[in-house]
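Trainee: Could we go through this one together? I'd like to know what stands behind the labels.
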Amino acid sequence: MAVKEPITGFAMAVVREDGRWRCSPLDPAALGELDTAITELRALRSTGAVFGLLAVDDEFFVIVRPTPGGAVLLLSDAAAALDYDIAADVLDLLRAEAPDDDDDVVWPEGDLEILADLGMPGPELEVIVNEIELYPDEQLQMIAQRCGFGDEYAALLDEL
């Protein structure tokens with residue numbers, strides 16, 4: 001199930017505190033291990049919103065939002081669990097089944113309302129997820145713009 005080649009992409013933490021957005025890189029290991037992403041995000045301790053954006057191999061993205069009882073998650077394409085451990089881990093935490101190997105339909109799994117309190121209602125997020133002709137970083141850029149941290153997102157991507 002696991003992809004053995006190095007995983008490309010990026011993992012970033014997004015924090016909103018005192019009305020200001022800040023984006024910072026997460027350990028690249030977060031692209032392969034959901035626990036790493038959750039642990040790093042929890043360590044950020046903030047009175048405002050904290051969540052992670054992970055774009056994996058130009059294939060899919062994961063949004064991770066730690067909560068006191070675990071994490072709220074959104075996987076942009078459940079079929080990614082057939083090839084990537086991190087996607088399989090997301091489905092495990094969500095107690096969701098991976099799709100059949102021959103299923104060509106792309107569908108999200110998790111909480112589409114994950115960023116609703118930050119200006120991204122679930123129906124709008126679903127539209128972005130369903131834009132399958134876009135790469136994950138482009139989908140995440142649209143999310144960042146809608147939530148209000150597009151400039152910070154773009155600046156960090158330029159550094160990475």
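Mentor: The protein chain has 5 helices and 6 strands, where helices are DSSP runs of H or I with at least four residues and strands are runs of E with at least two, numbered from the N terminus. This is a predicted model: local features need pLDDT of at least 70, side-chain atom pairs count only at pLDDT 80 or more, and totals for chains, interfaces and linings use all residues. Residues are numbered from 1 along each chain as its sequence is written, and side-chain values use heavy atoms, with hydrogens and water left out.

Trainee: In what order do the elements run from the N terminus on?

Mentor: The order is β-β-α-β-β-β-α-β-α-α-α.

Trainee: Why does Ser-24 count as buried?

Mentor: Buried means under 20% relative accessible area, exposed over 50%, partly exposed in between, with a 1.4 Å probe and protein chains only. Ser-24 has 19%, so it counts as buried. Buried residues make up 44% of the 160 in the chain.

Trainee: Where does Ser-24 sit, and what does Ser-24 touch?

Mentor: Ser-24 lies in strand 2, residues 20–25. Leaving out residues up to four places away in sequence, Ser-24 touches Ala-11, Met-12, Ala-13 and Leu-156; contact means heavy atoms within 4.5 Å.
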